[in-house]
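Grab a pencil and open the viewer.

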Amino acid sequence: MDCREFESVWNERLDARDAAGPSAALDAHASACPKCRALGARYQTLAQALQTLGPLPTPRPGFADRVLSAAAAPPADDLIPFRVWWTRVAAAAVVLVSVGLGVRVWTAGRVAPGVAPGPVSAPTADSEDLNRALTVATRATLDLAREASAPAARVGRQVLVSAALPGPPPSLGLPESVSPVSSVWETVGDRVNAGVGPLGGSARHAFGFLFRSTPEAPAPPPAAPKGGA
Amino acid sequence: MDDRALVESLLAGDPHAPRVLIERFQGVVFALCYRMMGHRHDAEDVAQETFLRALRGVVGFDPGRPLRPWLLGIAANRCRTALGKRVRRPGLTESAEDCVDRRPPLSDPDDLAFELERALDRLRPEYRTVFTLFHEQNLAYEEIARALDRPVGTVKTWLHRARGELAEHLSRRGVRC
């Protein structure tokens, strides 16, 4: 018998609810193995403790009546708490409204082919108004960007050039024809005209792309290879 | 009336059958619940819920099956659910297995039953369930496996580990026989 079998045999004895008697095989192994001897002593204590388990506890008198009364009442699972009920109603309302709005938007954006939208159709009129407003807004945004970007790029290049020049910065002479499109533009122009040269090395590095857009001198033709072909 | 006749009476709608069922099995069901919950009031609540579920679920029950393992299986499940709720309840998160045993050493080595019950309280719930069903309710391995819906090998492993932990705990408490 090895140590693993020793514990297994002890469990078999406890399974059989007959662990009190001596066992020659267990005793033989325990006498040669101190670890299993201690383990056997612990199991022997447990076996005796199992004999002391008392009678099963019983519920208080009237338990059956209480259960039968509860069985006669509606099951608690069927009673939905008010909070849960209210949450479900609110969720259903949200879903209903969402579906209604979705259907309204979908039908407003659809015009059947070959069918002219009726002048009194409110969804169609709304859609046309919306499209017209969107077109105007898009055009205005593009015009604004076009107006603002060219002068801004020119001023940026001049600022960089003036920051690189020694001595007092030249007056940039912002064109009067270009109407400022925002207060930012006005502020930048005022600062530049006042001679503020705010660009350090890192700023020049960041705005270097403005220099690259300036026309560069044509590169010299490549030298003919020595020795010629 | 044996168990089979009792089930047939329940299925036939006999108004006296539910009381017979409860009175016959309230002891074993309550004992398991008490061992698992460690509190009489909680044990009664869980035992009551067990019988309510059994009375509702008996419709599909096979009269040829034994009633006791079925009821104990329901009770074990209800206990596990109740213990889970108890752990999630604020202020009651400390389980017995997390507690440090600060009790004084055993003064009366003969009080084995008391020490065994305290040691049982410290077992993991699944170990405690299997130990109780085997040693207190005298169910066989196969019956426990059916009741808990676990393989027999798992039940054996849990029971052996439960015994090992109990024996170790008794030894640490200075219990010698």
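The exercises go from the chains to their interface and then to one helix.

A word on the ground rules: residues are numbered from 1 along each chain as its sequence is written, and chains are lettered from A in the order in which they are written. This is a predicted model, where local features need pLDDT of at least 70, side-chain atom pairs count only at pLDDT 80 or more, and totals for chains, interfaces and linings use all residues.

**Exercise 1. Work out how many helices and strands chain A and chain B have.**

Step 1: helices (H or I, at least four residues) and strands (E, at least two) are DSSP runs, numbered from the N terminus. Step 2: go through chain A, and you get nine helices and zero strands. Step 3: do chain B too, and you end up with eight helices, again with zero strands.

**Exercise 2. Find what percentage of each chain is buried.**

Step 1: count the other C-beta atoms (placed from the backbone) within 10 Å of a residue's own; 20 or more is buried, 12 or fewer is exposed, and in between is partly exposed. Step 2: in chain A, 9% of the 229 residues are buried. Step 3: chain B has 177 residues, and 40% of them count as buried.

**Exercise 3. Describe the side of chain B that touches chain A.**

Step 1: call two residues in contact if their C-beta atoms, placed from the backbone, lie within 7 Å. Step 2: on that basis, 32 residues of chain B touch 25 residues of chain A. Step 3: on the chain B side, the elements giving two or more residues are α2 (17-37), α3 (40-57), α5 (112-121), α6 (125-136) and α8 (152-172). Step 4: α2(B) gives the largest share, ten residues. Step 5: sort the chain B side by type, and you have 18 nonpolar, six polar and eight charged residues. Here Ala, Val, Leu, Ile, Met, Phe, Trp, Tyr, Cys and Pro are nonpolar, Asp, Glu, Lys and Arg charged, and the others, Gly among them, polar.

**Exercise 4. Check the span of α3(A), then see what its buried residues pack against.**

Step 1: Step 3: its buried residues include C36(A), L39(A) and Y43(A). Step 4: the buried residues of α3(A) pack against α1 (3-15) and α2 (24-32) of chain A, plus α5, α6 and α8 of chain B.

**Exercise 5. Is K35(A) buried or exposed?**

Step 1: Step 2: K35(A) is exposed because it has 10 other C-beta atoms within 10 Å.
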